[in-house]
Amino acid sequence: MDKRINDLGQIIEKILPEVDGVLGLKTGPGGIVAPHLFVKERPEELELMAIWPKEPLPSVIRLIQQAHPEAKLAVVCRGCEERGMVEMFKHAQLNLNNVTLIGLQCTQEEAEFCRCAEPFTVHAKMIVGQPIEGVADPLTEKIAAMSQPEKLAFWKEEFSHCIKCYGCRNICAQCFCNVCALEDETWVQTGHLPMGNPSMYHLVRAMHMTAKCVACRECEETCPVGIPIAIHFRLIARDVKEMFNYETGAVIDQKPPQLLVLEEGDYERTGLPH
Amino acid sequence: MNKYLLYPGCSMESSAKAYMESLNAIMEPLDLHFEEIDDWNCCGATEYLGINLIPAYSLIARNLALAAEQTKQINGTRTIVAPCSACYLNLAKADYYMQERPSLGVKVNEALEAGGLQYKPGTLDVRHLIDILVYDIGLDTIRSKVTRPLHGLKVVPYMGCMLPRPDYQNRWSDHEHPTELNDLLRALGADVIDYPLTTSCCGGHMTQIGPETAFELIRRLVADADERGAHLMATVCPMCQMNIDAYQNETNHYFGTHYHMPVLFFTQLMGLAFGREPDELGIGIELVSSRNALANIGVEVPVTQEPTAKRKKDEGLPMPRRWTKHGAGKETVK
Amino acid sequence: MNEKKQARVGVYVCHCGSNIAGVVDVVDVAHWAANLPNVVVSREYKFMCSSLGQELIQKDIQEMGLNRIVVASCSPQLHEATFRNACDRAGLNPYLFEMANIREQDAWVTSDKTEATKKAKALTAAAVSRVIHQEPLEALLVPIESNVLVVGGGIAGIQAALEIADSGNHVYLVEREPSIGGHMAQFDKTFPTLDCSACILTPKMVNVGNHKNITLLTWSEVEAVDGYVGNFTVTIRKKARYVDESLCTGCGVCQEKCPKRVIDEVFEAGLGYRKAIYTPFPQAVPNYPVIDRENCTYFLKGTCKACEKFCEPGAIRFDQKDETLAVKVGNIILATGYDLFDARRVSNYGYGRLPNVFTSLEFERLTNAAGPTSGNVVLRDGKTTPKSVGIIHCVGSRDKNFNNYCSVICCMQGLKFAHLVHERTGATVYNFYIDMRTAYKAYDEFYQRVLEEGTLFVRGKVAEVTDAARYSNEKGKLIIQVEDTLAGKQRRIPVDMVILSSGLQARADSKEVAQKFGISCSADEWFIEKHPKLDPVATMTDGVFIAGACQGPKDIPSSVAQGAAAAARVMSIIGQKEIQIEAATAIVDEENCVGCQQCMAVCPYQAILYLADKGKAHVNEALCKGCGTCAGACLPKSISLKHFTDLQLVSEMVGAMQTMKDFETISAEVAA
Amino acid sequence: MTEPKIIGFLCNWCSYRGADGAGMARLKYPPNVKIIRVPCSGRISPELVLRSFREGADGVMVLGCHIGDCHYSTGNHRTAKRMPVLKKLLEYAGIDSERLYVNWVSAAEGEKFAAVIKDFTEKIRALPPFTETMKSRKQKLAEMKQTEKEVEWTSA
C-alpha cells in the first residue's frame with residue numbers, strides 16, 4: 001500500500017474536526033475513483049480514500065465554494081493543482097483564505113506519466129510524500145526542435161483527429177468562463193470537421209492559456225483521440241517566463257503579465273522593433 | 001596597470017625621436033605599458049591614400065591584422081595606440097572603411113591573404129596617445145604626478161587637423177575647438193593660451209608639393225602664436241612639429257619675418273613637469289631652440305609665479321560659460 | 001441576426017474632384033457596390049462633403065428609408081463628423097454611418113488605376129458589411145466645468161487668459177517664472193513697428209494682474225492632470241516664494257538691501273545681475289519678489305536675513321513651504337513657449353569663447369534701457385562702442401547638424417538689430433543671411449528701410465568667426481569668414497562685434513509636459529496640433545489646446561492670434577454647457593461575465609469597477625475613453641467596445657477579404 | 001502568382017494618421033494592405049489576428065503608437081505583451097511568424113509607414129500563399145460537400 005495513503009489519512013483525520021470538509025479522492029462503487037468531500041460526521045469513509053488516478057479537484061472546490069462561500073475547506077492537492085488554485089485565486093474564482101492546502105507530492109512514476117517539470121507543492125504547509133526533481137518533457141522538446149514544415153505536418157495530423165468534443169476545455173480548471181469564445185461562430189467555424197490546420201479552436205485556446213496553464217495534463221489525458229494539445233500551452237508558458245519572468249502559480253500576488261504595463265527590460269525581450 | 005598595443009610609426013624613430021624619448025620617460029610614472037606590434041610597417045602617412053586606395057589600405061590593414069593576431073594570442077587589450085596623428089588617422093580610416101564599404105574590406109583581405117593575414121573590421125579600438133592620457137589615465141592622475149609645475153610658461157596648444165576630423169568614433173570634445181590638449185597642459189600647471197587655430201592645417205606634405213602654400217599656413221600659425229605672447233607651441237603630431245620647426249626659418253626668409261617660435265611635443269612638457277631633465281626628453285635637438293623659452297621655467301631656477309592679471313570685478317560684462325561637450329554643464333544640450 | 005435583414009444601406013462614392021476620380025474609377029465602384037448585400041442605393045458624386053452631397057444623403061434617407069449609410073471618400077479624420085451630422089439632420093442615428101478611406105489610403109497612394117479601383121471596392125465592401133452590424137448609440141452628455149487652465153504666462157498665454165476672463169469665465173494662469181511676460185518681456189523693440197516691447201506688453205500684464213476672473217499662480221508648475229474634456233482635475237505645485245504675498249507691498253527695499261549679487265541667467269540672459277531676493281524686472285506682475293534658495297546666504301549658511309530686517313511690513317517667511325492645490329477645470333490651453341537654440345553648439349561661431357560674440361537675447365538686454373548697460377550697445381568690456389557689427393542669421397536653424405526647420409523670426413530679428421545698431425552707434429553693419437524671409441504685413445517694407453539705412457547684406461552661410469588675424473587690418477577684430485554667393489568669392493570681414501540671430505527650439509522638457517497633458521510631440525519635440533492647416537490650436541486630446549511658439553516657431557502677431565483662437569475654441573465649448581463625450585464606450589454583458597477582473601487590470605483609466613455582490617464587472621461610462629483594451633483582453637468576450645465590437649471588426653475584415661478573394665478567383669478563371 | 005492579401009489593424013491616433021500622412025505626401029506603396037481602424041492597438045485581441053488568418057489573409061499587420069505616445073497612455077503596452085506571445089505560438093504551430101508584423105508608427109511618420117508597408121508586402125510575397133487554393137469559400141464548401149475532402153486553410 002502506498003505509504004502516502006496512510007500519512008494522508010492521518011492528516012485528514014487530524015484536520016477533519018477543524019474544517020467543514022476535506023476534498024480528496026474516494027474509490028466509489030465498482031472501484032471507480034472520484035472526487036469526494038470527507039466530513040467529520042462520516043469518518044469511516046476515510047478507509048476508501050484513494051490518491052490515483054488524478055482528478056481536476058480545483059474545479060470541484062470552486063463549485064463547492066460558489067455554493068457555500070463561507071465554508072472552511074481543505075483540499076488534497078498535487079503541485080499542479082496547487083498552482084491551478086493560485087491562478088484561479090488571481091482571477092477571483094477561488095478564495096484561498098477559506099481553503100487549507102494539503103500538499104501531496106508526486107512519485108517519479110506519476111511525474112513521468114504527466115511529463116511534469118514541477119511534481120511538488122510550494123505553498124502547502126502540510127506535505128505528504130517526498131518532493132522529487134521534475135522530469136523532462138521529451139515530446140515538447142521534439143516538437144520545439146522540428147522545422148516549420150514538420151511542425152505544420154505534425155499538427156495537421158493531430159488536429160485532423162479532433163472531433164471538437166470540447167472535452168479538453170471542460171476538464172480544464174482554468175476554463176471557468178460562463179460562455180466560451182470557442183463556441184462562437186465569429187471565431188471557430190461551426191459544422192466543420194476535421195478542424196483544418198492551423199485550427200482556430202486549438203490556437204485560440206492556446207492564447208487563452210497564456211499565463212494560466214499549470215501543466216496538469218488533464219486536457220491531454222481526457223482527449224479521446226490523444227492530441228498532445230498541452231505542448232502548445234507549455235511552449236508559450238516557457239516564452240512568457242523568458243519574456244516577462246512570470247511562472248503560472250508560482251507567486252500568489254504576482255498578476256498575469258499580459259494585463260500589466262511593460263516593466264524594466266520587458267520590451268527588449270519581446271523582440272519587437274524599436 | 002594600463003596595457004595597450006603600440007603602433008609607433010616611422011617618424012617616432014627618426015624625425016620625431018624626441019617624441020619617443022619623452023614618451024618613454026613619462027611611461028613609468030603613469031604606469032603605462034605598451035606592447036609594440038612586431039614587424040609593423042609604414043602607414044603610408046598622408047601621401048599613399050591619395051595615390052591608390054586598395055594598396056594603401058592593404059598596407060595599413062597589415063598592421064591591424066598583425067596587431068589583432070598578436071593580442072589574440074596573449075588575449076590582451078583590443079586597444080591599439082598610435083602617438084602620431086597621421087598613423088592614428090590612417091589606422092582609424094582603414095578600420096572604419098573596411099566596415100563601411102564591404103567591397104573594400106574584401107579586396108584588402110584578399111591582399112592580406114597573400115601574407116597569410118586576415119583582419120575583421122571592428123576587432124581593434126584605434127586611439128591616439130592623448131586620448132588615452134586624458135580619458136583613460138585621467139587628468140587627476142597626471143596632475144598628481146607633477147613635481148615641477150610649469151607656471152609662467154605660456155604654451156599654445158596645437159592639436160593639428162588630422163586628430164579631430166573625421167571623428168569616426170565621436171571621441172573628441174569638439175571638431176573645431178577641442179580642449180583635450182588645453183586641459184592636459186593646464187594640468188601640468190602651464191599658462192595655456194586660448195589658440196583659435198588649434199586645428200588649422202600646418203600644410204602636411206605641402207612643404208614638398210607647394211612650398212609657398214605651406215609657408216603661408218605655417219606663417220599664420222606662428223604669427224598668431226607669437227602675437228598672443230606664447231613662449232612655445234605644444235603639439236601631438238610629428239608632422240606638425242617637423243613642418244613648424246624645420247620650415248620656420250624658410251618661412252621667415254620667404255616673408256621677411258623674424259619669428260622664433262619653438263615647437264615641442266606635449267610629452268616633452270609632461271616629462272619636464274614630472275621632474276625629468278631636458279636631455280632625457282630630447283629637448284635641445286629641435287631646430288628652433290627652446291632654450292630661452294624654457295628659461296621662463298629654467299630647469300635650475302624655478303621662476304616665482306607672478307599672479308596672472310585676473311579681470312577686476314564689476315568691470316565689463318560676464319563671460320558666458322564655455323561649451324563643454326563631455327561635462328555639458330547646467331544648460332541642457334539639445 | 002434579424003437586424004442584418006432589415007439593414008437598408010446607401011453607398012455614396014465621392015469623386016473628390018479629381019483627387020479620387022483621377023485614379024479610382026468611381027462610377028465602376030458605385031455600380032459594383034450596388035449589388036452588395038443589403039445595399040439599396042449606390043451613387044457617386046463630385047463632392048460628397050459639399051452641402052449638395054450631404055443633401056443627397058438626407059433625401060435618400062427620408063425617401064428610401066435607408067437605415068445605414070456608407071460614404072467612400074476621404075479619411076474619417078476629416079469628414080466623419082460632417083457626414084454624421086448629415087445623417088443626424090435626416091433623423092438617422094449618426095453611429096449607423098461608416099466611411100471607406102479611398103483617398104488618403106487608396107487613390108493618393110496607388111499609381112495603378114485598376115489596382116486602386118479594386119482596393120476601393122474592397123474597402124467599400126468592408127465598410128458595407130461593417131455598417132450592417134452597427135447599432136445606434138446615444139452620446140453621453142456631461143456638464144462642462146467653466147473654469148479654464150492656461151499654462152504659460154507669455155504673450156500667447158496672456159492673450160488667451162484675458163479673452164476668456166473678459167467673457168466672464170474664470171481662468172487659472174500658471175507660470176513657472178516669478179513673473180508673467182515670457183520672452184517678450186526681455187525684448188527692447190519689436191519688429192516691424194519698433195514699438196517698445198514693454199510698452200505694449202505691460203498694460204496686458206497689468207490687466208492680468210488685477211483681473212477679477214484670473215487667479216494668477218506664478219512660480220508654480222502643473223504636477224498632474226486627470227479626467228477628460230469638461231472635467232479635468234489639475235494638481236498645481238506653488239513653489240515657496242519665502243515672501244507672504246498678502247503682506248508684501250512690492251516696495252523693493254529687500255532687493256536693494258540684499259548683499260548677495262548673482263548673475264541672472266534667465267531674464268538678463270547671463271549679461272546682468274540680480275540679488276538673491278529678486279523680481280525679474282521692475283514691471284513684474286505680480287510684483288512679489290522670490291528668494292533664490294541656491295544663492296541666498298540664509299539658506300546656505302543660516303546667517304544674513306538682511307531682507308527680513310528691512311522689510312517694513314514683515315512679509316519675509318523663511319519657513320514657507322511649497323503648496324499643492326487641486327483645481328477643477330473644463331479646458332486647458334498650453335502656451336509654454338520656446339527655448340532659444342544654444343549658440344555654443346556652433347563652436348565655429350565662437351560664442352562662449354570669443355568675448356564679443358553675443359546671442360540675440362543678450363543683444364536684446366544690451367539695447368534695453370532697463371538692461372545691464374541701460375541701453376548702450378557696448379562690447380563685452382562694458383565700455384567700447386563697436387564701430388562695425390556683423391549679424392549672422394539662421395544660427396542653428398535650416399542646418400542638418402542642428403535644426404532642419406526655419407525658425408521664422410531670426411531674419412526680422414536680424415534686421416531689427418541692424419537698425420538698432422545704426423540708430424545707437426552709427427557703426428557699419430553687415431547682415432549675413434541665406435534667404436531673407438520677411439513674409440508678413442509690413443515686414444518687407446522694414447527690410448527696404450534697413451537696406452536704405454546702408455546695412456551691408458552678404459548672402460552666404462558664415463563658415464567661421466575667428467580672432468586669428470592674418471592681415472594687419474584684422475588685428476584685434478573678429479574676422480567673419482564667409483562665401484559671398486552673390487559676389488562669387490570667399491570674403492574675410494573684420495568686425496568689432498558679432499550678434500548671432502539664434503533660432504527657436506522646443507522647450508527642453510516638452511516631451512514630459514506633453515506626456516502629462518496626454519498630447520504628443522513631433523520629431524523636433526514641438527507639440528502636435530490636431531491638423532496643421534484646419535485645426536492648428538486644437539490637439540488630438542479633446543479639451544487640451546495649444547497656442548504660441550510651443551506649437552512651432554512663430555512671431556508675436558501669430559502667437560497672439562493663436563492665443564485668442566484657443567480662447568475662442570474654449571469659450572465655444574463652455575458655451576455648450578454640456579458636452580457629448582465619446583459614445584463608443586465599453587459595456588459588460590453581465591450575463592456572460594464571470595468576474596475574472598482581467599478587464600479591470602488592463603483599463604488605463606480605472607473606469608471598470610467590480611460589483612462584489614453580483615461578482616461581475618461594470619463600466620463607469622463617464623470615465624471610459626473607449627480605447628477597447630479591455631475588449632482585447634476579455635477571453636469570453638463579455639466586455640465589448642460599442643461601435644468597435646468583435647462582430648463589426650470581423651465583418652469589416654471579412655468584407656475586404658471576400659472581395660479580394662473573389663477578384664482572385666475571377667482573374668484565375670480569366671487566366672485559365 | 002496571386003497577389004498577397006494583407007489585413008492591417010491601425011490605431012486611430014497614431015498609425016492611422018501616419019497612413020493618412022503618407023497619403024497627403026502622395027507616397028506610393030503596394031495596394032495589398034486593407035486597413036481597419038481601431039481606437040487603440042490594445043483593442044486588437046489575438047483572436048482578431050487569428051480570425052484574419054482563418055479568412056485567408058497572407059499577412060496581418062498590427063500598428064500602434066510608439067511606447068509612451070499612446071493616446072490612452074498604456075493601451076499599446078498590452079499589445080507589446082500579447083503579440084509576441086501570439087508570434088511564438090504561430091511558430092510552434094508551424095506558421096512563419098513573419099506573417100504577423102507588429103510595429104509602432106507615429107502620426108508624423110508618413111515615410112516610415114509607406115516603407116513599412118512596402119517591406120512587409122515584399123516579405124509576404126516571398127512566402128507561399130497562406131491558403132492552398134484560390135477557390136473562394138463558397139466553392140470550397142460546395143467541393144467539400146461532394147467529395148468530403150479535408151478543408152484546409154493552409155499548406156506547407
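This is a predicted model: local features need pLDDT of at least 70, side-chain atom pairs count only at pLDDT 80 or more; totals for chains, interfaces and linings use all residues.
# Interfaces and a sheet, term by term

Student: What makes two chains count as touching?

Tutor: Heavy atoms within 4.5 Å. By that rule, 52 residues of chain D are in contact with 54 residues of chain C.

Student: How do you know that chain A and chain B do not touch?

Tutor: Their closest C-alpha atoms lie 22 Å apart, and no contact joins them. A contact needs heavy atoms within 4.5 Å. Chain B and chain D do not touch either, with 20 Å between their nearest C-alpha atoms.

Student: Why is the pair Glu47(D) and Lys637(C) called a salt bridge?

Tutor: Set the distance against the cut-off. The closest N and O atoms are 3.3 Å apart. The rule asks for a Lys or Arg side-chain nitrogen within 4 Å of an Asp or Glu carboxyl oxygen, so the pair qualifies. The count between chain D and chain C is 5 salt bridges.

Student: Which elements give two or more residues to the side of chain D that touches chain C?

Tutor: Among them are strand 1 (6-11), helix 1 (15-24) and strand 2 (33-38) of chain D. Helix 2 (46-54), helix 3 (75-92) and helix 5 (137-147) of chain D are also included. Helix 1 of chain D gives the largest share, 7 residues. By class, this side has 21 nonpolar, 15 polar and 16 charged residues.

Student: What is the area buried between chain D and chain C?

Tutor: About 4,800 Å², with carbon and sulfur atoms giving 57%. Interface size is often expressed as the accessible area lost when the parts come together.

Student: How many residues meet between chain B and chain C, and what area is buried?

Tutor: 26 residues of chain B are in contact with 35 residues of chain C. The buried area is about 2,700 Å², with 50% from carbon and sulfur atoms. The rule finds 7 residue pairs in polar contact here. It also finds 2 salt bridges.

Student: What makes Lys475(C) and Glu227(B) a salt bridge?

Tutor: Their closest N and O atoms are 3.4 Å apart. The limit is 4 Å, so the pair passes. The side of chain B that touches chain C divides into 8 nonpolar, 3 polar and 15 charged residues.

Student: Now the fold of chain B. What is the strand order of the open sheet, and how do its strands pair?

Tutor: The order of its 4 strands is 2-1-3-4, and the pairing is parallel.

Student: Why are strand 2 (32-36) and strand 4 (125-128) of chain B called edge strands?

Tutor: Each of these strands pairs on one side only. On average, neighbouring strands are turned by 40 degrees against each other, direction ignored.

Student: How do you know that strand 1 and strand 2 of chain B pair?

Tutor: Count the bridges. Pairing needs at least two, and 5 bridges join these strands, so they pair. Within the pair, Tyr4(B) stands opposite Phe34(B) of strand 2.

Student: Which helices lie across these strands?

Tutor: Helix 4 (residues 85-100) of chain B lies across strand 3 (79-82) and strand 4 of chain B. Helix 4 runs at about 160 degrees to strand 4. Helix 6 (residues 129-145) of chain B lies across strand 1, strand 2, strand 3 and strand 4 of chain B. Its angle to strand 4 is about 95 degrees.

Key: Residues are numbered from 1 along each chain as its sequence is written. Chains are lettered from A and ligands numbered from 1 in the order in which they are written. Side-chain values use heavy atoms; hydrogens and water are left out. Axes are lines fitted to C-alpha atoms, for helices over the stretch in contact, and angles run from 0 to 180 degrees between N-to-C directions. Buried area is the accessible area (1.4 Å probe) that two parts lose on being put together, summed over both. A polar contact is a pair of N or O atoms within 3.5 Å; within protein, one must be able to donate a hydrogen and the other to accept it, and residues adjacent in sequence count only if both atoms are side-chain atoms. Ala, Val, Leu, Ile, Met, Phe, Trp, Tyr, Cys and Pro count as nonpolar, Asp, Glu, Lys and Arg as charged, and the others, Gly among them, as polar.
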